[in-house]
Amino acid sequence: MAPNLILISLFLCSFMAASSAGNFYQDFDLIWGDHRAKILSGGSLLTLSLDQASGSGFQSKRQYLFGRIDMQLKLVAGNSAGTVTAYYLSSEGPNRDEIDFEFLGNLSGDPYIVHTNVYTQGKADREQQFYLWFDPTKDFHTYSFLWNPQRIIFLVDNIPIRVFDNGESYGVPFPKRQPMKLYSSLWNADQWATKGGLVKTDWSKAPFTAFYRNFKANACVWSKGSSSCANNKNNAWQTQGLDANSRRRLRWVQKYFMIYNYCSDLKRFPQGRPRECRRSRF
C-alpha cells in the first residue's frame, strides 16, 4: 500500500478512541517559571511559556509504577528554533529511571524532531528520533507512554513509534522498581536543539507557548510504599504488546519517519552495538 494511503488510514484510526479529560488543578503542580505556567479554563487547559528570562514546567502530584499515560499537546508554533518541549516520566536521584519525549523546535516551515530516550539506573544513550506525519502546532495530538513490566511503548495518536523491551534476561536493566512522576517543561536549548546548535533562539518571537489538555492516567499509583494495582491485575495495559496491526504501523513509522536510531550508529559504538540492539525486533 502506498505511504499516503497508509497515512490516511492511520490518521482516521487514531481519532476513533475517545479521550477523557483530567483536571490540571487536581493532577499537577506548577513547579517553576512563575506566571509562565498557567492553568486555565477551570482546570481543563494548561500552558507553558518561555521568554528570555525563563522557561516553565509542571509535575504530576502522583507517582506511578507502570501504566498508560496520555496527554494532548499543541506545540510551539512558528519559528520555535532553539526551544525544547520536554514531556517525560522520571524518578528521582542520580540513578533515576526516565522515559522521554522531547520536541525539538524548528525554523518556520521545517519539521519538528521528536526525540525519545530511555534511562535505566541513570544510564541513557538510547536515542531514537522521528519526524511527524502532521504539523504538531496546528492542533492537539495525543502523546502516550505505555509502560508495563515487559516493555515500554511510545505512541503518537495511538500509533506506536518505538518499543523498548525488557532485556533483563540478557543483562540490560529495565525501569521497573522506581516510581515516576510525569513532568513537562519548555526551555531554551539553543546550544544543541536545532541543527546541532547552529540555529539560535529568536527572542523577538517570544513568548513561546505550548498547550496541554486531556491528561489521562490509567496507571498504578505509588503511595507510601505500595501500589494501587497490588490487588488488581485486570488492566489490559499490564501485559499489552503489539498486535499485527500495531506492528505494521510501527514498521511504517520507522521506515518513513525515523531519522536517527542509536542502534544503527556504528561509529558511536566501535566496540559493538548495545546488547539490546542485537536482540530488538524493531
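Me: Where does Phe66 lie?

Reply: Phe66 lies in strand S5, residues 63–74. Helices (H or I, at least four residues) and strands (E, at least two) are DSSP runs, numbered from the N terminus. This is a predicted model, in which local features need pLDDT of at least 70 and side-chain atom pairs count only at pLDDT 80 or more, while totals for chains, interfaces and linings use all residues. Residues are numbered from 1 along each chain as its sequence is written, and side-chain values use heavy atoms, with hydrogens and water left out.

Me: Why is Phe66 called buried?

Reply: Buried means under 20% relative accessible area, exposed means over 50%, and partly exposed lies in between (1.4 Å probe, protein chains only). Phe66 has 13% relative accessibility, and therefore counts as buried.

Me: What makes the phi of Phe66 worth a remark?

Reply: Most residues other than glycine have a negative phi. Phe66 is not a glycine, yet its phi is positive, at about 85°.

Me: Which other residue has a positive phi, and is that residue buried or partly exposed?

Reply: Asn158, also a residue other than glycine, has a positive phi near 70°. Asn158 is found in the loop between strand S11 (151–156) and strand S12 (159–165). Its relative accessibility is 31%, so Asn158 counts as partly exposed.

Me: What kind of peptide bond joins Ala206 and Pro207?

Reply: The bond joining Ala206 and Pro207 is cis, with omega about 0°. Most peptide bonds are trans. Pro207 is placed in the loop between strand S13 (181–188) and strand S14 (208–223).

Me: How do you know that Glu98 and Glu102 belong to an "active site"?

Reply: That label comes from UniProt, where an unreviewed entry places the feature at Glu98 and Glu102. UniProt positions are given in the numbering used here, feature names are shortened, and annotations may be inferred rather than shown by experiment.

Me: Why are Glu98 and Glu102 called buried?

Reply: Glu98 has 8% relative accessibility and so counts as buried. Glu102 is buried because its relative accessible area is 15%. Glu98 is found in strand S7, residues 98–104, and Glu102 is also placed in strand S7.

Me: What makes the pair Glu98 and Ser90 a polar contact?

Reply: A polar contact is a pair of N or O atoms within 3.5 Å; within protein, one must be able to donate a hydrogen and the other to accept it, and residues adjacent in sequence count only if both atoms are side-chain atoms. The side chains of Glu98 and Ser90 are joined at 3.4 Å, as a polar contact.

Me: Which residues does Glu102 touch?

Reply: Contact means heavy atoms within 4.5 Å. Not counting residues up to four places away in sequence, Glu102 touches several residues, including Trp187 and Trp192.

Me: Why is Trp147 called buried, and what does its side chain reach?

Reply: Trp147 is buried because its relative accessible area is 1%. Trp147 lies in strand S10, residues 141–147. The side chain of Trp147 reaches the backbone oxygen of Pro175 at 2.8 Å.

Me: Why is Ser60 called buried?

Reply: Ser60 has 0% relative accessibility, and so counts as buried. Ser60 is found in strand S4, residues 56–60, and its side chain reaches the backbone oxygen of Arg62 at 2.8 Å.
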